[in-house]
Amino acid sequence: MSGINNLDECYSIAEELVLYAGKVIEDGITARKNVKSKGIDWDLVTEYDRRIEDKLIKRLSAQFPSHKFIGEETVAKEGCLPDLTDDPTWIIDPIDGTTNFVHRFPHTCISLALLVNKKVEIGIIYNPIMRQFFSARRHCGAFLNGKPIKTSHVRDVSQSLVAMEPWLAKDPQHLVSVYGRMHALVQSTHGIRSLGTAALTLCYVAMGAVEAYHIEGIDAWDVAAGKLIIEEAGGIVIDTAGGELDIMTPRVIAACNQQIAQQLVDLFQKADSGMLNKNLN
């Protein structure tokens, strides 16, 4: 599996399947959808999510029978998250930004990553509505529609545009930290942006459109491909506390460089401490 030819084949098939998925998203975004909630009112799923994931797993299984899969809809159906092993493993988010897809908001994408020995070797994220095809292979650079991309050169958080997802405050577990950290960002940056799709927002860090992105309460399929794309574009993805990111339980600070990442770690620690003291009083 470590041979370059096998990874070439993996990438070629992955690209073909992502373009197929993009066509399904493009055709479906204006159609009437069968929308269901996966237990919480903001976690939506449609027949398109399942159709894309089923197609990808079926095709990849046929081509690479020894490979494993971690897919958002499969995990939801089976009710448990499988362990990540050293085996070649495809991590699939068939539609990231399903709520956007349901509402016809054009920021929605498919995210597909291949991990070998727990390292991301291939990452592809495609927004067919905006015609944005992001791709990366480890040690080979990051690309948007085939052209190299790089993260922002900004090194001071006060000069940064930072993305965050305020809707996560709907979850009581994240309510206090989201509001505290959002307030800190409002006071300390050029502004906050929210797209409603983690995978695509990670790509916006990679292309230099925002300096950083912070999100918690998400899953491996939201982050795996985007992490590689950012790193290959010159950026960094770490845990909110400043350590190495656990891709299976990601608490994300994604930044254009180490300086911005560390400033956000410090800013959030200060914000969390302030909110804790306020609650205690």
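These legends go with a set of close-up views of a predicted model.

**View 1**
An unreviewed UniProt entry puts the feature "binding site" at Glu72, Ile95, Asp96 and Asp222.

**View 1. Asp93, tucked away in strand E4.**
Here we look at Asp93, which is found in strand E4. Is Asp93 buried or exposed? Its relative accessibility is 0%, so Asp93 counts as buried. Setting aside neighbours within four places in sequence, Asp93 is in contact with Glu72, Cys109, Ile110, Ser111, Trp221 and Asp222. Two of those names, Glu72 and Asp222, also carry the UniProt "binding site" feature.

**View 2. Ile95 and the residues around it.**
Ile95 has its place in strand E4 as well. With a relative accessible area of 1%, this residue is buried. Which residues does Ile95 touch, once neighbours within four places in sequence are left aside? The contacts are Ile25, Thr46, Tyr48, Asp49, Ile52, Glu72, Phe101, Thr108 and Cys109.

Strand E4 covers residues 89-96, and Asp96 lies in it. Asp96 counts as buried because its relative accessibility is 6%, and buried means under 20%. Look for the side chain of Asp96: one of its polar atoms lies 2.9 Å from the backbone nitrogen of Ala199. Beyond neighbours within four places in sequence, Asp96 is in contact with Thr108, Cys109, Thr197, Ala198, Ala199, Leu200 and Asp222.

**View 3. Lys118, in the loop between two strands.**
Now we move to the loop between strand E5 (109-116) and strand E6 (119-127), where Lys118 lies. Lys118 is partly exposed, with a relative accessible area of 44%. The side chain of Lys118 is joined to that of Asp86 by a polar contact of 3.0 Å. Leaving out neighbours within four places in sequence, Lys118 is in contact with Leu84, Thr85 and Asp86. If you also find Ser61, you can compare two kinds of separation: Lys118 and Ser61 are 57 residues apart in sequence and 19 Å apart in space, C-alpha to C-alpha.

Where does Leu175 sit? Its place is in helix H5, which takes in residues 172-188. At 35% relative accessibility, Leu175 counts as partly exposed.

Definitions and conventions: Residues numbered from 1 in each chain as written. Predicted model: local features only at pLDDT ≥ 70, side-chain atom pairs only at ≥ 80, totals over all residues. Heavy atoms only, no water. Helix = DSSP H or I, 4+ residues; strand = E, 2+ residues; numbered from the N terminus. Buried < 20%, exposed > 50% of the residue type's maximum accessible area, 1.4 Å probe, protein only. Polar contact = N/O pair within 3.5 Å; in protein donor to acceptor, adjacent residues only side chain to side chain. Contact = heavy atoms within 4.5 Å. UniProt positions renumbered as here; feature names shortened; annotations may be inferred.
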